[in-house]
Amino acid sequence: MTTVLTQLAGEGASLADALRVLLLEDYNTRLVVLSTAMLGLASGFIGSFLLLRERSLMGDALSHATLPGIGIAFMLMVVAGGSGKNLPLLLAGAAIFGVLGVGLVLAIRETTRLKDDAAMGIVLSVFFGAGVAILGMAQAMPEGSAAGLESFIYGKTASMVLADFTLIAVVAIIVLIACLLMLKEFTLLAFDEGYAAAQGWPVRTLDMLMLALVAAVTVIGLQAVGLILVIALLITPAAAARFWTHDLRRMLLIAGFIGAASGWIGASLSALAPRMPAGAVIVLVAAGLFALSMAFGPARGVLIRGLRHLHVKRKIGRQHLLRAAYELLESRRHPETELVHNTPIAVAELQTYRSWSPSELRRLLRTALWEDHVDQLDPRTIRLSESGFGEAARITRNHRLWELFLIHYADIAPSHVDRDADMVEHVLGPDIVRQLESNLDGPIQPLAVPPSPHDLSAAGATP
Amino acid sequence: MIEWMPLDTWIVVVGALCAMACALPGCFLLLRQMSMMGDAISHAVLPGLAVAFLVSGSRSSFGMFVGAAIVGVLTALFTQWVSRFGQVDRGASMGVVFTTLFAIGLLILVQAADKVDLDPGCVLYGAIEFTPLDTVAIFGFDIPRAAAVLASVLVINLAVVLLLFKELRLSAFDPELATTVGVNATAMHYLLMTLTAITTVASFEAVGSIIVIAMLIVPPATAFLLTRSLPAMLIISLITAAVSAWLGHVMALTVPTWFGFEGTSTAGMMALAAGLLFLAAWVLAPSDGLLSRLRQNHRSLRTPDFPTTG
């Protein structure tokens, strides 16, 4: 069977080739693309649970731990008189040692002071070392040829056959169904192991089941993308999905989708371009999707959090400026009516009121001008605009309400409340303000607004 | 039984030097719960090796060392970025970073396959069996080049650990406290990462990444089970590392003969030997071992004390 890869090696990819690959017209490409996409889907699902349990590197430990199993299975088959190349038996050997390795990780974690990372590292390196030693012996066996066992380490995506595809499809479907059936149990395990145990769930059995599914995906992944790169499919799609949603079900779907897309796109790209190993390209596509998610993900992407941070910072700056202005105006309140008048304020005055740096204050004023909260009278004097004055009064009032609340209900000395109020007032919602008002009905005066000079009871008095 | 030759002595010396060099930063990695960093760095340096090799065109050059060491430190940096800016769990961010770097390295290697014979397998398994053949003359003695390189790395690691012992200890156990008393915990973190990267890369060509990963993690973990004092942990891990190297080579020569084979990978066996020593500590450790825990449980149940046989 000639692979697309070798066909294209000489001439480079044309549009027709590209179409042929993307439309899965080529038999071999179809096998490879569908296999890797299914593998990505399954590992996205199970990888999400691993991520939430903070055990992402378990796939790493597990995949290295399979190596002695492969070597021993090979040697036993050769001793029994075979060629040693029976794939299901090799994979069975891999699975047994994978589960053994996981069991040891859990045992080390339970019975020593060592943490997860050290337990995984120990199992990973010792099992892999043992595997290398065993393969070293297997290669010296005169009866069978151990050459090709190395494809377990680097994968042999391009030369996949129907049997590989069937195996991957069956295992992937089993993993998906198991994840869906155990959704509730796994969710509980991922978020609150202690609670699950207290509720009487068989936590340890569930844990082993989850890791057995990881082992299944890892073992079939060894064939498709190789030992070291299968780890990426377990970790990267799940980590990328986390940026898109806070909902676990949606996260599973998104992770599955990203995993499948990585497999599909990566395998197609590697079929198109000469000398692009599929495993590596799939990992790079997944990494690219991860980078996009990290930047633009709406749930906790860097951009959205940056914008939110900027928004809050701006809000806090605005509130500080307006309150400072209002308190300055308050200090020159009309002696008889006690009314606060919106008179011009010198920038220098504001400057000394709070410890702003000149550039900070300039920036705040520029924003306030743009938001139409202040009017610039001349370069050194500003005045609150009409809306700015109202906003300033509201903000100052909220701050005072919160201060009074702290004094009355939290027993904090009046000299200490300003800073605390400052921390909280920026997040006060209208509901809380209303509640504060009702709580503090007695001690606080309603906002000073002059009484109406005319009778308001007559209908239609105000236009 | 086995024929021990001067060659074998050198193999053990090279292995022991490498193992001891790894064990020192490994202890601090373990305490910071960053044991997997060695695994991540050793996979991630592949693009560094590949690029440096393409640029310099030779396989045992200083450029390759520098290239890989830079990528090693970058791995730590990227991991930090992804976990801080993306608020991703550290294990996961490590996984994303090192698999991506490894894939990039693989791609470069395959693209340049005509010009290069840098086998990823060689990076993985190393060739400790052949290190005694490549010698340099130092003070008139012929010493394996790998032994000279690894000895220098061991000396550097020892010097850093001895000079900055207080700072490293404080920032490993309590980074916040370290910062308040004027120790730059971030600088200590990257110093440790640099040491790990340098040690990893220096060991690569000689002994492969398997020994490196195993020796960064397993001897420190063994020592951790045997003592609760950091200086004792460092010393025990050095001893365990050296013993693992010796035991591993002996096992590589003897164990296969039991099954009718001639011999096998010394690197793999050294990792396995370290694992056996860990197993012994896990079961037999004086206060934390499985056996003594079992005994304590019996005592607490007020059952008569009886000798536990293994």
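Some conventions. Residues are numbered from 1 along each chain as its sequence is written, chains are lettered from A in the order in which they are written, and side-chain values use heavy atoms, without hydrogens and water. As the model is predicted, local features need pLDDT of at least 70 and side-chain atom pairs count only at pLDDT 80 or more, while totals for chains, interfaces and linings use all residues.

I start with the charges. A salt bridge here is a side-chain nitrogen of Lys or Arg within 4 Å of a carboxyl oxygen of Asp or Glu. One network links Arg53(A), Arg55(A), Arg109(A), Glu110(A), Asp116(A), Glu193(A), Arg204(A) and Asp207(A). Within it, Arg109(A) pairs with Glu110(A) at 3.6 Å and with Asp116(A) at 3.7 Å.

How exposed are these residues? I call a residue buried under 20% relative accessible area, exposed over 50% and partly exposed in between, with a 1.4 Å probe and protein chains only. Asp116(A) is buried at 19%, Arg109(A) is partly exposed at 24%, and so is Glu110(A) at 45%.

Glu110(A) also meets Arg204(A), at 3.0 Å from N to O. Glu110(A) sits in α6 (residues 87-111) of chain A and Arg204(A) in α12 (residues 203-225) of chain A, so this pair ties together parts 94 residues apart in sequence. Helices are DSSP runs of H or I, at least four residues, numbered from the N terminus. Arg204(A) is exposed, at 60%.

Next, the surface. Leu292(A), Phe296(A), Leu303(A), Leu307(A) and Leu310(A) form a nonpolar patch with about 510 Å² of accessible area together. Patch residues have over 30% relative accessible area and no salt bridge, and nonpolar side chains are joined within 5 Å; areas are Shrake-Rupley values with a 1.4 Å probe. The largest share, three residues, comes from α16(A). Phe296(A), in α15 of chain A, is exposed at 51%.

By contrast, all eight residues of α4 (residues 58-65) of chain A are buried, His64(A) among them. Pro237(A), in α13 of chain A, is buried at 0%.

Last, chain B. Helix α11 (residues 230-258) has 29 residues and spans 40 Å between its first and last C-alpha, close to the expected 42 Å, which is 1.5 Å times one less than the number of residues. α11(B) bends by about 35 degrees at Met251(B), the angle between axes fitted to the seven residues ending there and the seven starting there. Just after α11(B), Gly260(B) has a positive phi of about 85 degrees.

Notes
Patches are made of residues with over 30% relative accessible area and no salt bridge: like charges are joined within 9 Å, nonpolar side chains (Val, Leu, Ile, Met, Phe, Trp, Tyr) within 5 Å. Helices (H or I, at least four residues) and strands (E, at least two) are DSSP runs, numbered from the N terminus.
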